[in-house]
Amino acid sequence: MDAILQGLMELAGVRAAMVLDGSGQIVAHRGQAVYDRGVCEQVGGTVTKAIESIQLQQEDWETITAQYADGRIVVRKVAGTAAAARHVLAVVADQTLNASFATVALRVAANKVKAAVEGGSSQVPASGSQPLPPSGSSAAHPGDSRPVLASSGLSWAKPSGPGSSAAGAGSSAALSGVAVADPASSAFLSRCVKELARHVGPIARVYVQEGVRRVSPDAPFSAALFRPLVDDLSGQIEDPKDRALFRRALLESK
Amino acid sequence: MSELAHIADLPDVRSAVAGDLAGSLLDAVREKDGEAIAAVTGFVASALAQAGDELGLGALRRISVVGAASGCVVAVEGDRVITARLAAAKSIPAVERFLDGAGNGRV
C-alpha cells in the first residue's frame, strides 16, 4: 500500500495521503512533516464521522471533496467486498491540486487499495508511513497491523492493559519510547507537535518526544502532565509572543 | 426570487435547503425533509470544518459529494449552510460555480 500512497504523494499539491478503515483508524499513511500520523489519525476520526452522516442521505457516494480557503480534502470510497468497502482513501492537498488529475489518480489508487485489502496486504500497510522512524527503532513485529505508527516517533502508544491490544500497544510503547495513558493524551501530544511546528518546524516532533521523556520519565503521559509539558516545550520558542501564542493554543482550548 | 429558489432552478437540482452549522433549518425549496437535511449537513460541515482546522487548511467553503447516480453540493458561508441535492452528479460543477458566485455577492 506504500507504493499506492507514494504515487498519490507525487501529484502536485498533495500533502498527505492515507487509507482509513471503517472506524476511522489509519491503515496506511504518507504525509509531509506537519501532516504526521498523529494529526492524520485525529482528522481521520472526524472525517469518518462526516462520511457516516453523509451516508444517511447518500448511500451511493463515491467521492467527497471538502474545499477550504487554503486547500482541500478529497475522500474516495474503496468499493469491493465487505472488507474493502469499509475503507476510504483520503488526500490532503493545497490549492495547487489539479482536481481532474486527482479524481483520476484517486480512482486508480482506490482500485489498487481494494486489491490490496482483498488480497490481505492491509496487514502490513504502513511500511512507508511518514515521518521516518528515529534511529535505533526496531523493525515492525510480524502481525502488528500498525508497525510504523510505532516507529514514527510520533506514535503515542497506550500501554497494554485491559481493553487494549496488548501486542500492538505494548510494542508501540517499546518502539517509540513514549507511552500515553489514554486517547486524550495521545491527541494532546499530536496537537503539541502541530502547534510547536508552527514555530520551530518539523523538528517539533523530536522536541515533543524529548519533552515527554523529561516530564514523564517513568509513567505513561497523562492529562495531569499537559501543563508541565507545555511549560517545557515553551522553552524551545525564542520569541515571547510566539511562546504566548503556543501556550494559549494548547492550554486554553484543552 | 430568493437565492435558494435560484439554486433550486439550476439544472438537475432536486431541492435546496438553507440551514446553519448548528443544524437548524432556515428555508427549503422542493424538500419535504428539510429539517433532516439541515441537521445532517450542519453536522457534516461542522465536522469537516474541524478537520480543516486541525490540518491548517483555513475556512471550509464547500463540500461536494459525487454519487453513482446523484450528487450534493454544500456551500458554507460563515454560519450559513446551503445544500443543493442533485439528480445527476454531472451537474455538480455548474452548481459549484453558481454557489461560488452567490458567495461573492453576485446573486
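This is a predicted model: local features need pLDDT of at least 70, side-chain atom pairs count only at pLDDT 80 or more; totals for chains, interfaces and linings use all residues.
An α-helix has 3.6 residues a turn, so residues three or four places apart point the same way.

The largest nonpolar core holds 82 residues, and V91(A), V113(A) and L48(B) are the ones that touch the most other members. Helix α2 (residues 34–55) of chain B gives the most to this core, with 11 residues. Leaving aside residues up to four places away in sequence, L48(B) touches A50(A) and A66(A) in chain A, together with L60(B) and I63(B) in chain B. A second core, separate and made of 20 residues, includes L189(A), L196(A), V208(A) and L250(A).

Attention now turns to the contact between the chains. Chain A brings 27 residues to the contact and chain B brings 26 residues. On the side of chain A that touches chain B, at least two residues come from each of α2 (37–57), β3 (61–68) and β4 (71–77). Of the elements there, α2(A) gives the most, with 11 residues. By residue type, this side of chain A divides into 14 nonpolar, 9 polar and 4 charged residues.

Strand pairing also links the two chains. Strand β3(A) is joined by 7 bridges to strand β3 (residues 60–67) of chain B, and the two run antiparallel. Within this pairing, Y68(A) has L60(B) as its bridge partner in β3(B).

Chain B itself can be described briefly. Chain B contains 3 helices and 5 strands, arranged along the sequence in the pattern α-β-β-α-β-β-β-α. Of the 107 residues in chain B, 50% are buried. Among contacts in chain B with a separation of 6 or more, 39% are between residues 24 or more positions apart.

Terms used: Residues are numbered from 1 along each chain as its sequence is written. Chains are lettered from A and ligands numbered from 1 in the order in which they are written. Two residues are in contact if their C-beta atoms, placed from the backbone, lie within 7 Å. Helices (H or I, at least four residues) and strands (E, at least two) are DSSP runs, numbered from the N terminus. Ala, Val, Leu, Ile, Met, Phe, Trp, Tyr, Cys and Pro count as nonpolar, Asp, Glu, Lys and Arg as charged, and the others, Gly among them, as polar. Two strands pair if DSSP finds at least two bridges between them. A nonpolar core is a set of buried Ala, Val, Leu, Ile, Met, Phe, Trp, Tyr and Cys residues joined through C-beta atoms within 7 Å. A residue is buried if 20 or more other C-beta atoms lie within 10 Å of its own, exposed if 12 or fewer, and partly exposed in between; C-beta atoms are placed from the backbone.
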